[in-house]
Structures are given as C-alpha cells and as structure tokens.
Amino acid sequence: MEKPEPQQLTGLIRDLQAERRTPGPFGRQPQTQMHEMARRRIEAPLEILDWAMRDRRWSFTLAEIMAGTVGRPRELAARLIVAIVDELEEEDELLSAEASAT
C-alpha cells in the first residue's frame, strides 16, 4: 500500500482552506459542500486513514469521527480531511486573536 504523498494531502487541505475562506451566499462554505469537494478529490482513502492512525495529532481526530456513524473509507477520509481543515482554521483564528490582543 502506497503512502499518500504529503504534498498531495497538504495541497488538498490548503485548497479546502481556501475554499472555506471564500465567502459563499451565506458567508463560509457549508460543511456538506466542503465534504463533497474532499470526497471528490480523495484518490486513496485507505492510505489517508492509515496515515491519520499513525499520526500523533490526527489520530485523535480520526477516533472522534469514528465514534459516530462510520461509512465507506472515502466518506470517512473526507470527513477526516474536513475536520482537519476545521481544526486548522480554529487554530489560525485563535492565533490571530492572540496576536491582535498583544
């Protein structure tokens, strides 16, 4: 089984972050739209899930997602990628708020 290329995974995450930041008719892009975009772009869902299980940080996010209804690997991987994007965005917002406060 091939490992996902870090650049491909990073590229997908960055594209989703950019898409999330692009205002839609109601501000941020709806989660379902983000999920669908991730699902379409994921080529190797099992490799992404395997990577997340081995990753110290994202294994916890994967475990949280798997505590709910678990679907097919592509759906699970898409939910994971969207959750990663959400967490990274929250971190960016916190860091920006802290930087503004100082």
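Predicted model: local features only at pLDDT ≥ 70, side-chain atom pairs only at ≥ 80, totals over all residues.

User: What share of the residues in the protein chain is buried?

Analyst: Of the 102 residues, 32% are buried. Take the contacts with a separation of 6 or more: 67% of them join residues 24 or more positions apart.

User: How are two packed helices described?

Analyst: Two values do it: the angle between the axes and the distance between the axes. Start with helix 3, residues 45–54, and helix 4. Their axes are 6 Å apart, and the packing angle is about 115°. The crossing of helix 3 and helix 4 is left-handed.

User: Which residues make that contact between helix 3 and helix 4?

Analyst: Helix 3 supplies Leu49, Trp51, Ala52 and Met53. Helix 4 supplies Trp58, Ser59 and Leu62. Sorted by class, the contact of helix 3 with helix 4 has six nonpolar residues, one polar and no charged.

User: Next pair. At what angle do helix 4 and helix 5 cross?

Analyst: Helix 4 covers residues 58–66 and helix 5 covers residues 73–101. Their axes cross at roughly 125° and come within 10 Å. The crossing of helix 4 and helix 5 is right-handed.

User: Which residues of helix 4 and helix 5 meet?

Analyst: On helix 4 they are Trp58, Thr61, Leu62, Ile65 and Met66. On helix 5 they are Leu76, Arg79, Leu80, Ala83, Ile84, Glu87 and Leu88. By class, the contact of helix 4 with helix 5 has nine nonpolar, one polar and two charged residues.

User: And how do helix 3 and helix 5 cross?

Analyst: Their axes come within 8 Å and cross at roughly 50°. That angle makes helix 3 oblique to helix 5. Helix 3 passes helix 5 in a left-handed crossing. From helix 3, the contact takes in Pro45, Leu46, Ile48, Leu49, Trp51 and Ala52. From helix 5 come Pro73, Arg74, Leu76, Ala77, Leu80, Ile81 and Ile84. The class count for helix 3 with helix 5 is 12 nonpolar, no polar and one charged.

User: How do I check the span of helix 5?

Analyst: Compare the expected span with the distance between the end C-alpha atoms. At 1.5 Å a residue, the 29 residues of helix 5 should span 42 Å. The end C-alpha atoms of helix 5 are 42 Å apart, which agrees.

User: Which residues of helix 5 are buried?

Analyst: Among them are Leu76, Ala77, Leu80, Ile81, Ile84 and Leu88. The buried set of helix 5 also includes Asp86 and Glu89.

User: Let me try single residues. Is alanine 77 buried or exposed?

Analyst: Alanine 77 lies in helix 5. The cut-off for buried is under 20% relative accessible area. Alanine 77 has 0%, so alanine 77 is buried. Skip the residues up to four places away in sequence, and alanine 77 touches Ile42, Pro45, Ile48 and Leu49. Alanine 77 and alanine 52 are 25 residues apart in sequence and 9.2 Å apart, C-alpha to C-alpha.

User: Which residues is leucine 62 in contact with?

Analyst: Leucine 62 sits in helix 4 and counts as buried at 3% relative accessibility. Leaving aside neighbours within four places in sequence, leucine 62 is in contact with Leu49, Ala52, Met53, Leu76 and Leu80.

User: One more. Where is alanine 38?

Analyst: Alanine 38 is in helix 2, residues 31–41. Alanine 38 counts as buried, at 0% relative accessibility. Beyond neighbours within four places in sequence, the contacts of alanine 38 are Leu16, Ala78, Ile81 and Val82. Alanine 38 and valine 82 are 44 residues apart in sequence, yet 7.2 Å apart in space, C-alpha to C-alpha.

Notes. Residues numbered from 1 in each chain as written. Heavy atoms only, no water. Axes fitted to C-alpha atoms, helices over the stretch in contact; angles between N-to-C directions. Helix = DSSP H or I, 4+ residues; strand = E, 2+ residues; numbered from the N terminus. Left-handed = near helix turned anticlockwise from the far one by under 90°. Contact = heavy atoms within 4.5 Å. Nonpolar A, V, L, I, M, F, W, Y, C, P; charged D, E, K, R; others polar. Expected span 1.5 Å × (residues − 1). Buried < 20%, exposed > 50% of the residue type's maximum accessible area, 1.4 Å probe, protein only. Parallel < 35°, antiparallel > 145°, perpendicular 65-115°, else oblique.
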